[in-house]
Amino acid sequence: MYASYLAGNDEFVYPAFIARDDFADKADFDPDSFLYDNHRFTSLDSLHKDLQHLSQSLNQNLLDLVNNEYSLFIQLGQSISGCLDLIDNISLDVGKFDQQLRNAKVNLTESSAAAERALQHKRRLNVLKNKAKLILLLNELCLSFEMLLGLEIGELSPERLKPKLSTLATLYLSATKIFAILTESNGDENSCVFFDKVLKTKLLSLQLEYKAYIHETLKRVKAEPKDYSDVIMMLLHCKRIVGSLSDGK
């Protein structure tokens, strides 16, 4: 490197004193580049003296500035003191607000949990209400079925038997459908004594009576198959509904 300087390939940089302006308004100041560009031929002792002199000069300038602007520095200190109090007050207010937010979050969490419990309770009530409606409807169907099944018809005319058989089949299908729904939803929490102890027994009894009625009626009308062909078909259909595999006699 030094050979290139001596050979004249690099411009000689004459030694210069380090001044304050060399550092002014230089946010990206690079000491290595600064020394290389301006003081690479300056001895370390000279650099040390220049920097020491510059430091003393800056300290004196700062002292003179403080002495000349003493009142302004006092005001600055007082304003900073007031700012510290303001910062403390703001910090205290922020802390209180943060605590309020925490309390609000806790209240919202508790309210959300209470609302969820209320919704679950409402759902259970709706389930119980719908189940109660189905139980009442099943009871009415059983009563209607029992009444119609026990109704004696003086003469076994096709005109009288057809509507009776059709109505019995409709009532039976509706009752068994509702019974299946109630059985599937009849858990420990939703158990009903009336359904378990009364309706189940009644429906089973009506099913047996219905089978016996179909068998007996079919036996009576087979004596005149020509006049009761439609009735016989309806009775056979009713047998399939109740699950009977017997052909009847």
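Reader: Which residue just after helix 7 takes a positive phi?
Author: This is a predicted model. Helix 7 covers residues 229-242. Just after helix 7, at a phi of about 85°, comes Gly-243.

Reader: How far does helix 7 reach from its first C-alpha to its last?
Author: Helix 7 has 14 residues. At 1.5 Å a residue, 20 Å is expected. The model comes close to that, with a reach of 20 Å.

Reader: Within what arc do the buried residues of helix 7 fall, seen down its axis?
Author: The buried residues are Val-231, Ile-232, Leu-235, Cys-238, Lys-239 and Val-242. An α-helix has 3.6 residues a turn, so residues three or four places apart point the same way. In helix 7 the buried residues line one face, because they fall within an arc of 120°.

Reader: Which residues are exposed on the other side of helix 7?
Author: One face of helix 7 is lined by its buried residues. What covers those buried residues includes helix 5 (158-184) and helix 6 (193-221). On the other side, the exposed residues are Met-233 and Arg-240.

Reader: Is Cys-238 buried or exposed?
Author: Buried means under 20% relative accessible area. Cys-238 has 2% relative accessibility, so Cys-238 counts as buried.

Reader: How many disulfides does a search of the whole structure find?
Author: Cys-192 is partly exposed, at a relative accessible area of 21%. Cys-238 is buried. Across the whole structure, the number of disulfides found is 0.

Reader: What distance separates the C-alpha atoms of Asp-50 and Phe-17?
Author: Asp-50 lies in helix 3 (residues 44-68). Asp-50 counts as buried, at 12% relative accessibility. Asp-50 and Phe-17 are 33 residues apart along the chain, yet their C-alpha atoms are separated by 6.4 Å.

Methods:
Residues are numbered from 1 along each chain as its sequence is written. This is a predicted model: local features need pLDDT of at least 70, side-chain atom pairs count only at pLDDT 80 or more; totals for chains, interfaces and linings use all residues. Side-chain values use heavy atoms; hydrogens and water are left out. Helices (H or I, at least four residues) and strands (E, at least two) are DSSP runs, numbered from the N terminus. The expected span of a helix is 1.5 Å times one less than its number of residues. Buried means under 20% relative accessible area, exposed over 50%, partly exposed in between (1.4 Å probe, protein chains only). The arc is that of the directions from the helix axis to the C-beta atoms. Contact means heavy atoms within 4.5 Å. A disulfide is a pair of cysteine sulfur atoms within 2.5 Å.
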